[in-house]
Amino acid sequence: MALSRQDIARSGLKLLNDVGLNGLTLRLIAADLGVKAPALYWHMKNKQELLDEMATQMYRDSAAQRAVPESLGEWEGVAYGARALRRMMLAYRDGGKVFSGTYLADMSLIGEHSLRRSIEAGLDEGRASRATFTVYCFVIGYVIEEQAVRPVPGEFDERYRETAGEAVLGDADARFEDGLSMVLSGARGWLETPGQAG
């Protein structure tokens, strides 16, 4: 069987839902693919390379769902992308942890800047990138925390029942929307305020 990095990443994503990130090993993936573990090291040097490829595969597989409708304004598009990124990570157990801090192996997946029109109209691209990166970081951090409380969709870690209130165990979608609104408002305000340090 000729293996590709994508085969290995897809197997890892499939197993992730069963065993979680801590239980995922190259040996387990090799068994799932019907090969010996050393065969995987031809393609992946270590677990970090595996995570990079898994994150890339997550991103690649969700491209259609992340495509921002052209009818949306720029900031509506940023919000749309943030929601799609969250859905992408929530589709996998520990998806936020897998995606955080990884290097996308296929940078062509990134596409154009979500604030491209404003950049073309004179907005500093570096500042625009910092603003959208802040939104991106919020989404990843939120999902990591959301999945800590609810490691498997529909269930939550019982340890939080006694110590956490509605803010943690309540409607995760509503809390995400509140946080996203705050972060988007802050990012827009920061970009619109003259004299901000860049």
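1. Helix 1 of this predicted model has a buried side made up of Ile 8, Ala 9, Ser 11, Gly 12, Leu 13, Leu 15, Leu 16, Gly 20 and Leu 21. When you look for what covers these buried residues, you will find helix 2 (26-33), helix 3 (37-41), helix 4 (47-61) and helix 7 (95-99) among the covering elements. As background for reading such a list, an α-helix has 3.6 residues a turn, so residues three or four places apart point the same way.

2. The course of helix 1 also deserves a careful look, since over residues 5-23 the distance between its end C-alpha atoms is only 20 Å, whereas a straight helix of 19 residues would span 27 Å at 1.5 Å a residue. Where does helix 1 bend? The bend is found at Asn 17, and it amounts to about 100 degrees.

3. For the protein as a whole, the secondary structure consists of 12 helices and 0 strands, and its C-alpha atoms fill a box of roughly 60 × 45 × 30 Å along the principal axes. Of the 198 residues, 39% are buried.

4. Asp 94, which is placed in the loop between helix 6 and helix 7, has a positive phi of about 60 degrees although it is not a glycine. Is Asp 94 buried or exposed? Its relative accessibility is 13%, and because buried means under 20%, Asp 94 counts as buried.

5. Gly 95, in helix 7, is buried as well, with a relative accessible area of 0%. If neighbours within four places in sequence are left aside, the residues in contact with Gly 95 are Met 58, Met 89 and Gln 147. Gly 95 and Met 54 are 41 residues apart in sequence, and their C-alpha atoms are 9.6 Å apart in space.

6. The largest pocket has a volume of about 1,200 Å³ and is lined by 34 residues, of which Tyr 59, Ile 110, Glu 112, His 113 and Ser 114 lie nearest its centre. The elements giving two or more residues to this lining are helix 5 (63-66), helix 6 (74-90), helix 8 (116-120) and helix 9 (125-149). How many residues of the lining are nonpolar, polar and charged? The lining of the largest pocket divides into 19 nonpolar, 9 polar and 6 charged residues.

Terms used
Residues numbered from 1 in each chain as written. Predicted model: local features only at pLDDT ≥ 70, side-chain atom pairs only at ≥ 80, totals over all residues. Heavy atoms only, no water. 1 Å grid on protein atoms, 1.4 Å probe; cavity = no way out; pocket = protein on both sides within 12 Å on 5 of 7 lines; lining within 4 Å. Points joined across faces, edges and corners; volume = space filled by probe spheres on them. Helix = DSSP H or I, 4+ residues; strand = E, 2+ residues; numbered from the N terminus. Nonpolar A, V, L, I, M, F, W, Y, C, P; charged D, E, K, R; others polar. Expected span 1.5 Å × (residues − 1). Bend = angle between axes of the 7 residues up to and from the residue. Buried < 20%, exposed > 50% of the residue type's maximum accessible area, 1.4 Å probe, protein only. Contact = heavy atoms within 4.5 Å.
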